[in-house]
Amino acid sequence: MIPFTLQKVSTQSAALQAAASGGRYIAGGTTLIDLMREEVEQPQKLVDINALPLGHIRIEGEELVIGALARMSEVAAHAQVRALQPLIAESLVEGASPQLRNMASVGGNLLQRVRCPYFRMLDAACNKRTPNSGCAALGGLNAGHAIFGTSSHCIATHPSDLAVALVALDATLRVQGPAGLRALPVEALYRLPGRTPHLEHSLAPGELIVEVRVPNAAHARAARYLKVRDRSSYEFAVVSAAAALQVEGGVIRAARVACGGVGTIPWRLRAVENQLVGKPFARASFEQAANIAATGASPSAHNGYKVELLGRTVVRALEMAGERT
Ligand SMILES: Cc1cc2nc3c(=O)[nH]c(=O)nc-3n(C[C@H](O)[C@H](O)[C@H](O)COP(=O)(O)OP(=O)(O)OC[C@H]3O[C@@H](n4cnc5c(N)ncnc54)[C@H](O)[C@@H]3O)c2cc1C
Ligand code: SF4
């Protein structure tokens, strides 16, 4: 590991100041330390933000508010989260392992790096790790890679399950920077790779995620996160779907669908949602809508199976969400 300094801070202003002089925030460290050990990331200064009072989980008006330092396991087990926002609880408890979930924070989860194996191989070409070096996945093993939002510079999938749920639920971040606090929709946090895959998010250097705010909408209560993976725990998604429904009088009044494991960013399926609204609450409606889930997909040599799997996962997630209406 390359030598680095560590500064502990207890106020947001101290955190911003430390980051302004080149520091990188560290929360649970479950991603960052891993990458530093492998020398994929080489920060010279870490800013430990764990003493900041950002561990809250509470209801404020019509919103669920989760502090950036709340741990994955705490949020997943929280009674109000489970009752009002089951999608969030399920997306968290299906990620990583119990030990990791006890350490890992919500803010860190949203900013974790990709799991493309070539990203971690220092001798492989990777535009995300080393800009303009090429992309080994394009002509290499790409069964796990993205079918949406890809470019000729990067096809890595976005890894966070929580981010998929938050995108489906129209969640917004509160972000603190030198100029003050701003609101940022989670959907706007992530950047498509385009020609610059090393630029993954829209935070300015040193900006701190303070909290996540999620509307407690009626559809959020009838929701499911379904994660298809190669083994039943401790594994990233091959394909996942976050589905939420509001049904009145046997008719779908509102629908939210986003998916993971298929996009270079969490992928919202708005066309599927539009197709569902106004339709009878029935499997036939889910199947019809899921038929267009993969519209616009561009598979690589080894991941064409995701097109079929995506449609099936969306139908099943909608059925499971429907069981909660
Ligand atoms: C074996 C393994 C399996 C995993 N499986 C899954 C899985 O299935 N699904 C899934 O979603 N995740 C999975 N993960 C990822 C895990 O969820 C993340 O490592 C974890 O959530 C990161 O949180 P952290 O607090 O440890 O982040 P850190 O490692 O501390 O930080 C990660 C990044 O976020 C930045 N950061 C942290 N907090 C803030 C903040 N408040 N504001 C601004 N920047 C900040 C840091 O600077 C760093 O760049 C897995 C990880 C491992 C090691
Ligand atoms: S897919 Fe992206 S992360 Fe993977 S090797 Fe290519 S550029 Fe790197």
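Predicted model: local features only at pLDDT ≥ 70, side-chain atom pairs only at ≥ 80, totals over all residues.
Ligand 1 is surrounded by 33 residues, and the closest are Y25, T30, T31, S105 and D161. Next, show the side chain of N109, where an N or O atom lies 3.2 Å from an oxygen atom of the ligand. At E235 the backbone is the part to display: one of its polar atoms is 3.2 Å from an oxygen atom of ligand 1.

Now select G29. This glycine is found in the loop between β2 (24–26) and α2 (32–37). G29 counts as buried, because its relative accessible area is 15% and the limit for buried is under 20%. Select G108 as well and draw a distance between the two C-alpha atoms: the residues are 79 positions apart in sequence and 8.0 Å apart in space.

The sheet is the next stop. Colour β9, β10, β11 and β12, which form an open sheet of four strands in the order β9-β10-β11-β12, with antiparallel pairing. At its edges are β9 (223–228) and β12, each of which pairs on one side only. Within the sheet, select β10 (residues 239–248) together with β11 (residues 251–260); these strands pair in the antiparallel sense over nine bridges. One place to look is E248, whose bridge partner in β11 is V251. Then bring helix α8 into view: α8 lies across β9, β10, β11 and β12 and runs at about 150° to β11.

For a helix in another setting, select α5 (residues 86–93). Seven of its eight residues are buried, so helix α5 is largely enclosed by the rest of the structure. The buried residues of α5 are P86, L87, I88, A89, E90, S91 and L92.

Turn next to the aromatic rings. How many aromatic pairs does the model contain? The count is two aromatic pairs. For one of them, select F148 and W267: the ring centres are 5.1 Å apart and the planes meet at 5°, so the pair is stacked. The angle meets the criterion for stacking because planes under 30 degrees apart count as stacked. F148 sits in the loop between α7 (106–110) and α8 (161–168), while W267 belongs to strand β12 (residues 267–268), so the pair ties together parts that are 119 residues apart in sequence. F148 is also buried, with a relative accessibility of 2%.

The other selection is F281 with F286. Their ring centres are 5.9 Å apart and their planes stand at 65°, so this pair is edge-to-face.

Finish at S298, in the loop between α12 (283–290) and α13 (305–322). S298 has a relative accessible area of 35% and is therefore partly exposed. Beyond its neighbours within four places in sequence, S298 is in contact with A146, I147 and T150. Show the side chains of S298 and T150 to see a polar contact of 3.3 Å between them.

Note on methods:
Residues numbered from 1 in each chain as written. Chains lettered and ligands numbered in written order. Heavy atoms only, no water. Phe/Tyr/Trp six-rings, centres within 6.5 Å; stacked < 30°, edge-to-face > 60°. Helix = DSSP H or I, 4+ residues; strand = E, 2+ residues; numbered from the N terminus. Buried < 20%, exposed > 50% of the residue type's maximum accessible area, 1.4 Å probe, protein only. Pairing = 2+ DSSP bridges. Contact = heavy atoms within 4.5 Å. Axes fitted to C-alpha atoms, helices over the stretch in contact; angles between N-to-C directions. Near = heavy atom within 4 Å. Polar contact = N/O pair within 3.5 Å; in protein donor to acceptor, adjacent residues only side chain to side chain.
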